[in-house]
Amino acid sequence: MSLESNLQQAAELIDQADGLLITAGAGMGVDSGLPDFRGREGFWNAYPALGKARIDFTEIANPQAFRTDPELAWGFYGHRLNLYRSIQPHQGFQILRDWASQKPYGAFVYTSNVDGQFQKAGFAEARIHECHGSIHHLQCTDSACGNVWPASDFYPEVDLFNCRLTSALPRCPVCHKLARPNILMFGDAHWVHDRYDRQYAACIDWLKSPEKPVIIELGAGLAVPTVRYFGEYQGHPLIRINLRDSEGEQSYVLSLPMSASEALEAIDDRLANARNEEQ
């Protein structure tokens with residue numbers, strides 16, 4: 001089928017749905033100006049100091065980094081926290097909110113992104129499941145303590161040239177040990193997943209309600225396919241929006257090889273045209 005035909009079919013599926021499950025990966029944030037960590041070279045372009053030291057993403061996004069060099073680990077995560085706080089969500093987020101407002105059961109967001117962009121765009125916290133955690137929450141590095149708290153009082157100062165935190169390291173307010181982001185990292189046996197558990201339970205509960213849900217998958221790649229698998233497992237019509245990996249073997253997967261913002265705006269145009277023709 002042609003791209004135009006698939007866009008039209010996507011618009012019809014969304015129009016007929018009574019609820020939207022929005023599943024989002026890194027490609028959703030890239031359109032807002034967030035860096036793309038695809039491949040080692042892409043990561044090192046974003047963080048030249050780590051490239052110079054030949055430290056790849058799996059090594060710095062790792063709890064071990066907070067034990068061996070906490071200033072470097074927090075240089076990376078502190079920069080990301082500052083960046084995510086400053087970035088404004090692209091227009092596609094508002095389009096999704098508008099669609100959800102027209103559905104009896106609204107929408108639920110399932111995302112591997114830790115950037116908090118859906119909350120910033122106005123999606124209700126109670127309707128978001130961040131399956132890899134959130135950079136906007138901190139946890140104690142001592143999982144036996146288990147404390148998790150908002151990062152709202154932490155303002156990291158970072159030497160970008162060397163990717164090192166220059167302000168004080170954050171500490172757990174309960175036991176005063178080193179804090180880290182409440183994010184599921186590589187090789188992470190110490191992630192405190194209390195927020196995950198509550199959000200996942202809310203997501204599963206919501207999925208029981210819609211009778212005609214449609215899944216809109218946005219920029220979820222194959223490198224860490226958590227988001228893709230979750231959406232496919234539901235067995236409902238799935239609109240897969242992805243510049244590089246839009247295909248799916250299942251008959252219910254509709255492929256749109258486009259960026260997230262481009263596809264959402266194109267579908268919205270077709271929905272608007274259909275409404276105008278009805279009037």
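Two strands pair if DSSP finds at least two bridges between them. Three bridges join β2 to β3, and the two strands run parallel. The model is predicted. Its protein chain has twelve helices and eleven strands. The radius of gyration is 20 Å, close to the 19 Å that the globule rule gives for 279 residues, so the chain is as compact as a globular protein of that length.

**Overall dimensions and burial**

- The C-alpha trace of the protein chain spans about 60 × 35 × 35 Å along its principal axes.
- Of the 279 residues, 52% count as buried.
- Take the contacts between residues at least 6 apart in sequence: 65% of them join residues at least 24 apart.

**The six-stranded sheet**

- Six strands form an open sheet, and their order is β3-β2-β1-β9-β10-β11. The pairing is parallel.
- β3 (128-130) and β11 are the edge strands, each pairing on one side only.
- On average, neighbouring strands of this sheet are turned by 15 degrees against each other, direction ignored.
- Strands of a sheet pair through backbone hydrogen bonds, either parallel or antiparallel.

- Strand β1 (residues 19-24) and strand β2 (residues 107-111) run parallel, joined by five bridges.
- L21 stands opposite F108 in β2, and A24 stands opposite T111 in β2.
- On the β3 side, the bridge partner of Y110 is H129.
- β2 is mostly covered, with five of its five residues buried.
- A107, V109 and T111 point one way from β2. F108 and Y110 point the other way. All of these residues are buried.

- Strand β9 (residues 213-218) pairs with β10 in the parallel sense, over four bridges.
- I216 stands opposite I239 in β10.
- β9, helix α11 (residues 226-234) and β10 make a right-handed β-α-β unit.
- Strand β10 (residues 238-241) is covered on both faces. L238 and R240 lie on one side, I239 and I241 on the other, and all are buried.
- β10 also pairs with β11 in the parallel sense, over four bridges. Here R240 stands opposite S255 in β11.

- S255 lies in strand β11 (residues 253-256).
- Is S255 buried or exposed? The cut-off for buried is under 20% relative accessible area. S255 has a relative accessible area of 12%, so S255 is buried.
- Which residues are in contact with S255, leaving aside its neighbours within four places in sequence? They are N6, R240, S246 and E247.

- Helix α1 (residues 3-16) lies across β1, β9, β10 and β11. Helix α1 runs at about 130 degrees to β11.
- Helix α10 (residues 194-207) packs on the sheet and touches β1, β2 and β3. The direction of α10 makes about 135 degrees with that of β3.

**Helix α8**

- In helix α8 (residues 91-101), the buried residues are G92, F93, I95, L96, W99 and A100.
- Why do the buried residues line one face of the helix? Seen down the axis of α8, they fall within an arc of 160 degrees, so they line one face.
- An α-helix has 3.6 residues a turn, so residues three or four places apart point the same way.

**V148 in strand β5**

- V148 lies in strand β5 (residues 148-150).
- V148 is partly exposed, with a relative accessible area of 25%.
- Leaving aside its neighbours within four places in sequence, V148 is in contact with H137, L138, Q139, N182, V192 and R195.
- V192, one of these contacts, is 44 residues from V148 in sequence. In space, V148 and V192 are 7.4 Å apart, C-alpha to C-alpha.

Technical notes. Residues are numbered from 1 along each chain as its sequence is written. This is a predicted model: local features need pLDDT of at least 70, side-chain atom pairs count only at pLDDT 80 or more; totals for chains, interfaces and linings use all residues. Side-chain values use heavy atoms; hydrogens and water are left out. Buried means under 20% relative accessible area, exposed over 50%, partly exposed in between (1.4 Å probe, protein chains only). Contact means heavy atoms within 4.5 Å. A crossover is right-handed if, with the strands pointing away from the viewer, the path from the first strand over the helix to the second runs clockwise. Axes are lines fitted to C-alpha atoms, for helices over the stretch in contact, and angles run from 0 to 180 degrees between N-to-C directions. The arc is that of the directions from the helix axis to the C-beta atoms. The radius of gyration is taken over C-alpha atoms; the globule rule is 2.2 Å times the number of residues to the power 0.38.
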